[in-house]
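Have the sequence and the 3D view open, and try each task before you read its solution.

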Amino acid sequence: MTDALSLVDEWGPEKIVVVSHRRTGMKGVLVIDNTARGIGKGGTRMSPGVTVGEVSRLARVMTWKWAAVDLFYGGAKAGIVADPASRDKEAVLRAFARALSNEVPREYVMGLDMGLTESDAAIIQDELGDRGAAVGTPEHLGGVAYDKLGITGYGVAEAADAAAQHLGLPLSGARVALQGFGAVGSAAARRFAELGATVVAVSTAHGALHDPSGLDVDTLLSARDEHGDRFVTRHSATGLAPGAELAVDCDILVPAALQDIITRTSAHEVKAKILVEGANLPTSAEAQGILAERGVTVLPDFVANAGGVVAAAFAMDARYSGFRPDTAGIVETVSTRLRANAVTVLDEARRQDITPHTAGRRLAEERVRTAMHSKGRIPRD
């Protein structure tokens, strides 16, 4: 069991709230990591395996992600220990929202993460009687249509394009392999295809598909809509075991499914020139070092997959508005910010001869530290 006090360092967490409700069996946790740049904002996930340590790590990622894109919110994350397929999901979710009514939305605004849907965000708002309690509601309730826009995956591809151009690798004709074909991976694949890249591999939990000459993305998207994640078992392309897509011959690899998937062992098997982190925390620190030694450029998660937080910032502003957020403005801002951040981080990494993770982290840390100084949270020099 994680000792919550052992998680505290110079940045946070500022608050860890563990809640429970006996009648529904609800158990959950909220971690507010650092609010020097604004109130806590991060997704809420539901999974039987949620732990305090996991949520704390993800809250820290949010601290760096908000700072890296220079938007004024703080790092936070919440998790509910439950099966999202359970018939009791709504009751558990309502109990969780009630239990955090002291923090939501004054200190933390809920959002969507693994296991939660747009309807769940609407339920949170309904339970607390406050439109400000959550973002990610359905479009017909004034929410940002994250899934319809595929905004996080779109941003991943835009950041990858900027990184590839910066490194002298034109994206047109570049071979891309994606782990995960959910909301992020499928949207990234669509945008990669629009930018002229060739998608050579995709995967789900049921297996992977590989075709060195390229897969038809539109066909894959239609098959996924019809058969779900099992579409990989019904396709004529070469089937691979789950995880094998990480080692296919490609120019750009996008892990867009699981955390801690690129390990010391798998780092030696990566054949890509650029690894773009579509998922949160997919590459271990040791693997990052190995990839750097092998000449593989890694674009960090808090840079590459920050499209969702840019869209969330628009949604935060629109919570109490009678007008829907401007979709065109969201897409344009995601592209502009993520492309610029990718180049900035890669330039800084090359200038200091450090990994992009270290360069990006230092940039984010400096912004957070400056805010903490200004607010008197740490001694002024």
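Helices (H or I, at least four residues) and strands (E, at least two) are DSSP runs, numbered from the N terminus. The model is predicted, so local features need pLDDT of at least 70 and side-chain atom pairs count only at pLDDT 80 or more, while totals for chains, interfaces and linings use all residues. Residues are numbered from 1 along each chain as its sequence is written, and side-chain values use heavy atoms, with hydrogens and water left out.

**Exercise 1.** Decide whether the two faces of strand β11 are covered.

*Solution.* 
- Step 1: Recall that in a regular strand the side chains alternate between the two faces of the sheet.
- Step 2: Sort the residues of β11 (252-255): Ile252 and Val254 belong to one side, Leu253 and Pro255 to the other.
- Step 3: Check burial, where buried means under 20% relative accessible area, exposed over 50%, and partly exposed in between (1.4 Å probe, protein chains only). These four residues are all buried, and both faces are covered.

**Exercise 2.** Describe the salt bridge between Arg339 and Glu158.

*Solution.* 
- Step 1: Apply the rule: a side-chain nitrogen of Lys or Arg lies within 4 Å of a carboxyl oxygen of Asp or Glu. For Arg339 and Glu158, the closest N and O atoms are 2.8 Å apart.
- Step 2: Locate the pair. Arg339 is in helix α12 (residues 327-352) and Glu158 in helix α5 (residues 151-166), so the bridge links distant parts of the chain, 181 residues apart.
- Step 3: Compare accessibility. Arg339 is partly exposed at 21%, whereas Glu158 is buried at 2%.

**Exercise 3.** Work out where the salt bridge between Arg191 and Glu194 sits.

*Solution.* 
- Step 1: Read the N to O distance, which is 3.0 Å.
- Step 2: Both residues lie in helix α6 (residues 183-194), 3 residues apart, about one turn of the helix.
- Step 3: Arg191 counts as buried at 18%, while Glu194 counts as exposed at 52%.
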